[in-house]
Amino acid sequence: MNHVAKGIMKGSIWLLSLRMLMRGLGVISTLILVRLLTPEDFGLNAIAMSIFSLIDLFSRFGFDTVLIQKQDSDMDDYNTAWTLNIFLGLFSFVFIIILSPYAAIFYNNKNIKYILVATAFLFLINSFSNIGVVDFRKNLTFHKEFILQIIPKIISFFCTIALAITFKNYWALIIGSLVWKFSIVVVSYIMSSFRPRISFSKINDLFNFSKWLFFNNVIQFLNTKSPELVIGKMINPSAVGLFSISTEISNMASSELVSSVNRASYPGYSIVAKDPEQLKELYRGVMGSIAIWVLPAGIGLASVSKIFVSCFFGDKWVGMEHVIVYLALASMLFALNSNSGYVFLATGKPKITTFISLARVLLFIPLFIVGVKYNGVVGAAQAALFSSLFVFITYSFVLCKYLSYSFVDFFNIFIKPLLGSLLMAFLLRWFISFELNISEYFLLSVLVIGGAGFYLIMEICLWVIFGSNDGPEKKVVDYFLSKIRIS
């Protein structure tokens with residue numbers, strides 16, 4: 001294994017640990033907050049954060065991504081990126097304050113005005129982050145990235161819970177977000193010795209690449225945040241809250257975890273971008289590692305959604321289980337698609353990702369509106385699944401051509417974990433059908449532990465049947481064999 005692959009593996013472990021801890025805190029926080037707050041509170045926060053994300057599009061050109069992709073970036077690049085972030089943050093701060101009263105009128109809810117004014121300060125705070133921390137990812141020193149992210153998360157976790165107990169409304173979520181961003185800024189200057197200065201010398205160089213990232217961000221917003229704005233207008237804030245929390249739970253099972261691998265693999269892809277064979281082999285290894293746990297996570301959550309919701313959510317969240325079924329599968333496909341997009345970014349072809357994402361938007365938006373109109377929040381989730389499947393198929397064809405894969409070789413990456421996950425889902429549904437007279441918490445524990453164990457056994461069996469070739473399964477088997485020999 002070359003040093004790049006080793007760096008990605010170590011980075012993935014650090015970032016996966018980070019995401020596991022952050023999602024663990026997020027899950028605990030959500031399970032506490034859903035008992036203290038209402039779907040409307042979450043809905044109002046989701047609408048405000050969606051509007052925030054919309055305005056953020058015009059100040060988020062992905063300069064950190066450019067600095068990672070540009071292997072020879074110098075001090076002027078970093079200073080220019082930091083300067084542009086500040087000016088764009090100031091612009092967004094003013095714009096969202098001006099917009100806030102009109103948003104309140106549009107949604108016929110005066111609370112949105114005050115929430116947006118508070119949310120505007122996120123732009124100011126975030127824009128002053130130390131750009132020097134980009135080197136943590138660029139140089140594959142992900143243990144520093146771990147510390148940078150986890151400390152602010154822990155601070156905001158306790159702050160949000162305390163505020164929710166005190167106020168028992170949406171202000172706990174808003175203030176908690178402000179504390180989180182402020183903590184990140186403070187920690188970024190503590191951890192990085194780089195001290196940025198005002199500079200405009202590399203504007204043209206940065207914008208030449210980042211213009212495509214900007215279009216990608218616009219399209220990503222339409223794909224991920226526009227649903228909450230539409231649901232808020234077509235239905236109500238409570239429906240937004242139900243869809244938002246369902247999305248969060250679904251992403252927890254796949255997309256949130258794979259983001260760790262994406263952050264680690266992108267610098268690696270950038271390093272080997274000029275070597276097609278090495279890039280191809282690196283992508284195969286990364287995607288194989290992603291598929292082996294993303295597929296069972298998404299399919300498994302969809303299989304146990306009813307019991308999961310019954311255990312952890314109250315009567316205020318009725319109907320959520322049906323939404324999670326579709327969103328869990330959509331999030332699973334989105335997770336697979338996301339890493340493929342980083343191949344094109346690393347090789348200087350961001351427009352490919354842009355065009356594929358644009359095609360998804362053109363399909364998703366009309367499907368989504370029709371789905372909401374005729375089937376409410378469940379229809380929205382069904383539209384998300386169908387469009388994610390379309391993007392997965394499209395990415396598969398494009399990547400096969402771009403990396404010179406045969407379709408058989410490409411889909412061999414997914415066949416074993418897919419078969420193992422489907423067999424696991426069949427077992428879970430069969431076991432649930434008995435309607436045993438036991439505690440739902442105990443039943444869910446049995447399903448999770450038993451399903452994971454069964455999937456692992458099936459995965460190893462399928463690996464043997466398919467020829468025991470190199471892959472993540474071989475690494476697992478070799479690891480356990482080495483432990484047996486040592487003992």
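Me: What pLDDT does the protein chain average, and what share of the residues score at least 70?

Reply: pLDDT is the predictor's confidence in each residue, from 0 to 100. Here the protein chain averages 80, and 82% of the residues score at least 70. This is a predicted model, where local features need pLDDT of at least 70, side-chain atom pairs count only at pLDDT 80 or more, and totals for chains, interfaces and linings use all residues. Residues are numbered from 1 along each chain as its sequence is written, and side-chain values use heavy atoms, with hydrogens and water left out.

Me: Is helix α2 mostly covered or uncovered?

Reply: Buried means under 20% relative accessible area, exposed over 50%, and partly exposed in between, with a 1.4 Å probe and protein chains only. In α2, 16 of the 18 residues are buried, so the helix is mostly covered.

Me: How many disulfides does the structure hold?

Reply: A disulfide is a covalent bond between the sulfur atoms of two cysteines. The cut-off is a pair of cysteine sulfur atoms within 2.5 Å, and this structure holds 0. As for cover, Cys-311 is buried because its relative accessibility is 2%, whereas Cys-159, at 22%, is partly exposed.

Me: Where does Phe-434 lie?

Reply: Phe-434 is in the loop between α16 and α17. Its relative accessibility is 45%, so Phe-434 counts as partly exposed.

Methods: Helices (H or I, at least four residues) and strands (E, at least two) are DSSP runs, numbered from the N terminus.
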